[in-house]
Amino acid sequence: MLSFECDYNEGAHEAVLRRLIETNNEQLPGYGSDKYCDLAKEKIKEACGKADAEVFLLVGGTQTNQIVIDTVLAPYEGVVCANTGHINVHEAGAIEYSGHKVLSLPHEQGKLKADVLKKYLEIFHSDDTKAHMVYPGMVYISHPTEYGTLYSLDELTALSEVCKEYDIPLYLDGARLGYGLMSSGTDVTLKDIARLCDVFYIGGTKVGALCGEAVVFTHNNAPKGFFTSIKQHGALLAKGRVLGVQFDTLFTDDLYFNISRHAIKMADKMREVFKRKNYKFFIETVTNQIFIVLENKKMEELKKYVSFSFWEILDSDHTVVRFASSWATRESDIDKLEELL
């Protein structure tokens, strides 16, 4: 059975596992106060070009989104995102559970556009009854988006400028950030993101780690008591070394970027396979997520041999499905996929 279902089916990159074993018997303090967490944070700050950044290592994406959003927002504020945003559709109401409303706006290929955001903020702030409404307190985007698309540098800059105009923080979900940064179709760098966003996270779970995400507050702007809030939310890992060792390894000798580049190379190869076989693309992407339109009977046939993700029903006879490559995808598996197709 071939699997292209998602980018976290495998465990972790061999170098990460090897380093965890090598450091296993070291006796280290808990809760992220060990030397490996310190090393990882310094390497991340250097990669971001932000000496004054604050880095926190958390266990997973949903926990990260909930804690960052909950701690940054005032009790009367909500978070603005595209209506396709992960926090709006695939996190089981985790944000609302923390007491904050998700304020969703129309998307364009999964992206929140600066003009749409500005119009919304203009209308809100000109409303004489706004004191009775949920205030937009921050903006959430993801890069890559849920549709596998990327913000251009101009688009990200425009969003950042709108956020600065209205004095609200811009937060970027980077669950698949490595795959966005290494795409040949991007002009956005890690340093651009650190410069234009107030807070973002570098995803490890989907990019070579067993688990873990690295939250970066880009200019010494972490909310007061953020570390304590992590524990209050039940997301503080006692054996913080597990996260530190992994991110220290991923950010040594460009491993994070190299394995992300491999995933993009495999995705590009898979795209060529679908093109040669005359399959219809639902949306054009340049990252590790590929969205294909399948005739339903063909889909059921293919499911016997290949796992992939359901995305949405297109019509009574066709379904949109997602194929994803990862840091661990083998070229031989794509060759087998081509034979099956």
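Modeller: Contact means heavy atoms within 4.5 Å. The model is predicted, so local features need pLDDT of at least 70 and side-chain atom pairs pLDDT 80 or more, whereas totals for chains, interfaces and linings use all residues. Residues are numbered from 1 along each chain as its sequence is written, and side-chain values use heavy atoms, without hydrogens and water.

I begin with helix α6 (residues 114-125) and helix α7 (residues 153-165), whose axes lie 9 Å apart at an angle of about 15°. Helices (H or I, at least four residues) and strands (E, at least two) are DSSP runs numbered from the N terminus; axes are lines fitted to C-alpha atoms, for helices over the stretch in contact, with angles from 0 to 180 degrees between N-to-C directions. The angle makes α6 roughly parallel to α7 (under 35 degrees; over 145 is roughly antiparallel, 65 to 115 roughly perpendicular, the rest oblique). On the α6 side, Ala 114, Leu 117, Lys 118 and Leu 121 meet Ala 158, Leu 159, Val 162, Cys 163 and Glu 165 of α7. Seven residues of this contact are nonpolar, none is polar and two are charged (Ala, Val, Leu, Ile, Met, Phe, Trp, Tyr, Cys and Pro count as nonpolar; Asp, Glu, Lys and Arg as charged; the others, Gly among them, as polar).

In the loop between α6 and β5 (135-142) stands Lys 130. Lys 130 counts as partly exposed, at 22% relative accessibility (buried is under 20% relative accessible area, exposed over 50%, partly exposed in between; 1.4 Å probe, protein chains only). Beyond residues up to four places away in sequence, Lys 130 touches Phe 124, His 125 and Tyr 135.

The axes of α12 and α14 come within 10 Å and cross at roughly 10°. Here Met 266, Lys 269, Met 270, Val 273, Phe 274 and Arg 276 of α12 meet Glu 331, Ile 334, Asp 335, Leu 337 and Glu 338 of α14. By class, this contact of α12 with α14 has six nonpolar, no polar and five charged residues.

Helix α11 (residues 241-250) is largely enclosed by the rest of the structure, because nine of its ten residues are buried. Among those buried residues are Arg 241, Gln 246, Phe 247 and Asp 248. The covering elements include α1 (14-22), α2 (35-48), β2 (54-58), β7 (199-203), β8 (213-217) and α12.

One of these partners, α1, packs against α11 at about 135°, with the axes 9 Å apart. That makes α1 oblique to α11. Ala 15, Val 16, Arg 19 and Leu 20 of α1 meet Val 242, Val 245, Gln 246, Thr 249 and Leu 250 of α11. This contact of α1 with α11 divides into six nonpolar residues, two polar and one charged.

The largest nonpolar core holds 59 residues, of which Phe 200 and Ile 202 touch the most other members (a core is a set of buried Ala, Val, Leu, Ile, Met, Phe, Trp, Tyr and Cys residues joined through side-chain atoms within 4.5 Å). Helix α12 supplies the largest share of this core, six residues. Leaving aside neighbours within four places in sequence, the contacts of Ile 202 include Ile 44, Leu 177, Val 216, Phe 247, Phe 251 and Tyr 256. Phe 200, for its part, is one of the residues in contact with Thr 218. Thr 218 lies in the loop between β8 and α10 (226-232) and is buried, with a relative accessible area of 0%.
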